[in-house]
Amino acid sequence: MTVHATEPRRTESGSILLPPVADRWQRDYATRLVISDFVIVTLTVFGTQVFWLGSHTRGVAGADYLDYTWLSLLLIASWMLMLSLYGTRSPRVIGYGSAEYRAIVDGALRLFGLIAIVSYLAMVDVSRGYILISMPLGLALLILSRWAWRAWLRGRRRRGEMISRVLLIGEEEASERILTELNSQPAAGYVVVGACSPSGLVGGTLGDTGVPVLGNLDHMIDALRVTGADTVLISGESGLPAGKVRELSWQLEAGQHHLIMAPNLTDIGGPRIHTRPVAGLPLMHVETPRYTGRQVVLKRAFDILGSGTLLLLLSPVFLLIMLLVRLSSPGPIFYGQERIGLNGKPFQMLKFRSMIPDADDMLAELLAQQGTSDTPLFKVENDPRITKVGRVLRKYSLDELPQLVNVFLGSMSLVGPRPQREGEVELYDDAARRRLIVKPGMSGLWQVSGRSALSWEDAIRLDLYYVENWSLTGDVNILLRTFKAVVAPGETAH
């Protein structure tokens with residue numbers, strides 16, 4: 001981990017004062033991104049020129065004074081500029097979340113849209129190869145490279161490098177909750193190294209987490225030095241008056257320390273949050289979840305296109321599984337089960353049969369034996385009803401493939417809360433019922449975040465986050481994670 005060259009010092013009591021961790025790793029990481037972006041953009045643009053126009057340069061039709069080599073150089077410089085202007089290498093977006101990918105796509109679309117407009121207005125016939133090849137290929141390679149860099153960054157963070165060391169400020173209960181949330185997302189790179197509370201006593205800890213409480217708010221600067229923290233995170237439940245927060249911010253060293261405010265909001269997606277300064281007040285606007293006609297049409301078009309394509313591509317797999325199910329045990333190949341869908345309406349969910357006949361008649365007894373008949377997540381541990389072939393199908397989620405037909409016909413979506421049985425829905429509280437305001441999905445957040453290992457409370461929290469913060473980008477991200485979970489299911493799939 002990179003730190004300032006400042007030597008450690010000691011307080012009057014003899015405790016060691018560590019220098020704050022620098023942001024140099026962020027600059028180094030951004031430099032790596034600049035280099036990889038430049039290589040990808042250059043190879044893509046000049047590769048397009050050679051492939052589309054040949055190795056001999058020539059003038060641009062309508063602008064003979066400009067040959068295509070110079071036009072390619074101009075496009076490369078413009079693309080790199082757009083990547084910078086749209087903040088694709090900003091410390092606020094790199095390494096975590098979808099904002100980095102969205103910025104890359106937005107910058108490219110606006111750049112090539114501008115090129116098309118300018119060439120039309122100037123009556124310059126720019127080669128269409130730049131639009132047809134450079135843009136989609138460059139975008140794909142840029143996103144793939146950022147994904148690879150993130151994988152590299154996660155590896156470094158697992159070794160305790162390239163992280164932000166966080167000092168929590170606020171009531172101990174709120175700080176402990178924030179600590180739990182940050183620890184659940186290690187890829188974000190925030191590691192809590194200490195805390196200060198209004199009534200904090202030196203020597204205490206945040207609950208049983210082991211994170212030390214280093215005193216009250218007056219000890220913040222000493223706590224920063226002792227821990228080497230570079231980030232101060234103030235809880236929205238801290239109860240600190242605005243004047244005190246401002247005083248704390250004045251004590252931080254510019255360029256070495258960062259101040260983060262954590263509002264008293266949870267499970268709110270970034271696109272729903274907008275900050276607007278008004279009369280010196282940083283007003284935070286939280287958009288109410290809306291499912292407008294445009295969103296419904298966009299999601300439905302995505303479902304039809306995606307499920308139709310997968311049904312065609314996977315037809316040989318369907319035939320093979322149908323044969324294996326037929327040979328494995330007596331009974332039908334497909335299994336239809338009534339589930340509760342959009343707005344509480346029942347529908348028949350299709351699956352490849354993975355259990356013995358009359359398996360449903362045994363469910364109530366098995367749930368009662370393991371003591372989970374009153375829990376709205378009807379999962380049987382070491383289920384004796386599953387066939388040998390069915391066990392393999394369920395581990396790799398192949399038994400779910402017929403639900404592509406449900407998606408194509410409109411009773412399900414590719415991504416959404418998992419549909420449950422009527423008995424489970426009857427156990428819903430008011431919060432859980434919000435799962436029913438969108439179509440159920442073949443995959444969802446909880447399926448790619450632990451699957452069967454998650455508790456009901458965690459599963460419903462993830463589903464509600466999806467319902468409240470739906471986006472097409474999020475759907476694509478979940479599907480990519482689903483593919484990874486299917487290929488490498490791990491211990492939580494059964």
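Predicted model: local features only at pLDDT ≥ 70, side-chain atom pairs only at ≥ 80, totals over all residues.
## The chain as a whole

The protein chain has 494 residues, and 42% of them count as buried. Its secondary structure comes to 15 helices and 16 strands.

The chain exposes about 26600 Å². Carbon and sulfur atoms supply 61% of that area. Residues 24 or more positions apart account for 69% of them.

## Helix H4 and its partner H1

Two packed helices are described by the angle between their axes and the distance between the axes. Start with helix H1, which covers residues 24–53. H1 packs with H4 at an angle of about 155°, and their axes are 9 Å apart. Angles over 145 degrees count as roughly antiparallel. H1 and H4 are therefore roughly antiparallel to each other.

The crossing of H1 past H4 is right-handed. Which kinds of residue make up the contact of H1 with H4? The residues of this contact divide into 17 nonpolar, 8 polar and 5 charged.

## Helix H4 and its partner H2

Helix H4 spans residues 129–158, and it also packs with helix H2, residues 68–85. Here the angle is about 40°, and the axes are 13 Å apart. That makes H2 oblique to H4. The crossing of H2 and H4 is right-handed.

On the H2 side, the contact is made by Tyr68, Leu71, Ser72, Leu75, Trp79 and Leu83. On the H4 side, it is made by Tyr130, Ser134, Met135, Gly138, Leu139 and Leu142. The residues of this contact divide into 9 nonpolar, 3 polar and no charged.

## Helices H8 and H9

Helix H8 holds residues 293–313, and helix H9 holds residues 315–328. Their axes come within 4 Å and cross at roughly 60°. That makes H8 oblique to H9.

Which residues make the contact between H8 and H9? From H8 come Leu311, Leu312 and Leu313. From H9 come Ser315, Pro316 and Phe318. The residues of this contact divide into 5 nonpolar, 1 polar and no charged.

Ser443 sits in strand E16, residues 441–443. Is Ser443 buried or exposed? Its relative accessible area is 4%, and residues under 20% count as buried. Ser443 is therefore buried.

Set aside residues up to four places away in sequence. Ser443 then touches Leu414, Val415, Gly416, Val448, Ile478 and Thr482. Gly416 is 27 residues from Ser443 along the chain, yet their C-alpha atoms are separated by 6.2 Å.

Ala188 lies in the loop between helix H5 (172–184) and strand E6 (190–196). Ala188 is buried as well, with a relative accessible area of 19%. Leaving aside neighbours within four places in sequence, Ala188 is in contact with Tyr96 and Arg157. Ala188 and Tyr96 are 92 residues apart in sequence. In space, they are 5.6 Å apart, C-alpha to C-alpha.

Arg177 lies in helix H5. Its relative accessible area is 30%, and Arg177 is therefore partly exposed. Ser235 is 58 residues away from Arg177 along the chain. The C-alpha atoms of Arg177 and Ser235 are separated by 9.7 Å.

Where is Asn343 found? Asn343 is in the loop between strand E13 (334–340) and strand E14 (346–352). Asn343 is exposed, with a relative accessible area of 54%. Its phi is near 60°, a positive value in a residue other than glycine.

Ser397 has its place in the loop between helix H11 (388–395) and helix H12 (403–409). Phi of Ser397 is near 60°, again a positive value in a residue other than glycine.

Technical notes
Residues numbered from 1 in each chain as written. Heavy atoms only, no water. Axes fitted to C-alpha atoms, helices over the stretch in contact; angles between N-to-C directions. Helix = DSSP H or I, 4+ residues; strand = E, 2+ residues; numbered from the N terminus. Parallel < 35°, antiparallel > 145°, perpendicular 65-115°, else oblique. Left-handed = near helix turned anticlockwise from the far one by under 90°. Contact = heavy atoms within 4.5 Å. Nonpolar A, V, L, I, M, F, W, Y, C, P; charged D, E, K, R; others polar. Buried < 20%, exposed > 50% of the residue type's maximum accessible area, 1.4 Å probe, protein only. Areas by Shrake-Rupley, 256 points an atom, 1.4 Å probe, with all protein chains shown as cover.
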